[in-house]
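Hi everyone, thanks for coming. I'd like to walk you through some packing details in one model, so please have a look at it first.

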Amino acid sequence: MDNNTLLTSTVAAVVGNRDNSSTVVSEAEVEGSSFIVLLLKAIIMAGIIIASIFGNLLVIISVMRHRKLRVITNYFVVSLAFADMLVAMFAMTFNASVQIFEKWLFGYFMCDVWNSLDVYFSTASILHLSCISVDRYYAIVRPLKYPISMTKRVVALMICATWISPAVLSFLPIFMGWYTTPENQANRRKHSDECAFIVNKPYAVISSSISFWIPCTIMIFTYLAIFREANKQEKELYSRHGAAMLLHNQNNTNGDMLSNSGGSSKTLMHEINQDLHHTPTKEKNIIKMKREHKAARTLGIIMGTFILCWLPFFS
């Protein structure tokens, strides 16, 4: 072998070693970056789950510890927080494992369990929001009927209905296989590492109607009525107080004329003073009304955000 051939072989070997080493380095970099992305995804999902569990648990503990919070409306809030906490514990955890490992790890039976729990708790959560909107409707739009209509017994029945009815929609159709197509059932039996929630048209229509569209329609109509009534009450309150202030100023300007005009003027003066100087009972009612209006607006914002988040799923 001459010198030129030896030199060419040496150069080729060196270049080949460099290519192999660069390939190994690039593969290591890809694996490292994939691990970092996977770790960040796991941390974010774990943080969301933990925040959801402890946030809802804080709501439950707050109502239990403070007697002033033990009102009828907060019974629905506590039940709603419990449902959302169960969503985080039993639905979001399984979903996090699928997002992280990109496959189903728990077999055919647990896939049905996960889908059932997901539908069950999500439907219960939406039904609770619907019950809260009905409660606020009676408290603000029909305040005289509220103590009669929304008793503890009625609230208990409503809460029981929100927990029992979703079970008929979730566990029975899913475990019996009525919710999906025969092709998806056969594919799931062959591929135990897949857990796609594919529904047929009848189940999609029934499930979406009960879980979203009917409660959503109830919430929209009740909150529209609440906002109209709240604005009406506030306008009446401010217009009455403003009129009383105007009459009071006129009385100060023309005090002598008004003081000599007889009994009707005294009656008018008495009404003005009642409007300007609220009694403790009237002050308490006004504060209560404002607090209920503020709570209704807050719940309306929560309801609107909730609907916007769920709308793409049910559309």
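**Aromatic pairs and a helix contact**

Let's start with Y179, which is buried at a relative accessible area of 0%; buried means under 20%, exposed over 50% and partly exposed in between, with a 1.4 Å probe and protein chains only. Before I go on, this is a predicted model, where local features need pLDDT of at least 70, side-chain atom pairs count only at pLDDT 80 or more, and totals for chains, interfaces and linings use all residues. Residues are numbered from 1 along each chain as its sequence is written, and side-chain values use heavy atoms, leaving out hydrogens and water.

What is the relative accessibility of Y203? Y203 comes out at 6%, so Y203 is buried.

Now for rings: those of Phe, Tyr and Trp (its six-membered ring) pair if their centres lie within 6.5 Å, with planes under 30 degrees apart called stacked, over 60 edge-to-face and the rest tilted. The count comes to 16 aromatic pairs. One of them, W104 with F106, is edge-to-face, at 5.1 Å centre to centre and 75° between the planes. W104 is buried at 3% relative accessible area, whereas F106 is partly exposed at 38%. Y179 and Y203 also pair edge-to-face, with 6.2 Å between centres and 70° between planes.

Ring pairs also join F82, F90, F109, Y120, F121, W163, F171 and F175 into a cluster.

Finally, I72, Y75, F76, S79, F82, A83 and L86 in α2 meet K152, V155, M158, I159 and W163 in α5, where contact means heavy atoms within 4.5 Å and helices are DSSP runs (H or I, at least four residues), numbered from the N terminus.

Note on methods
Helices (H or I, at least four residues) and strands (E, at least two) are DSSP runs, numbered from the N terminus.
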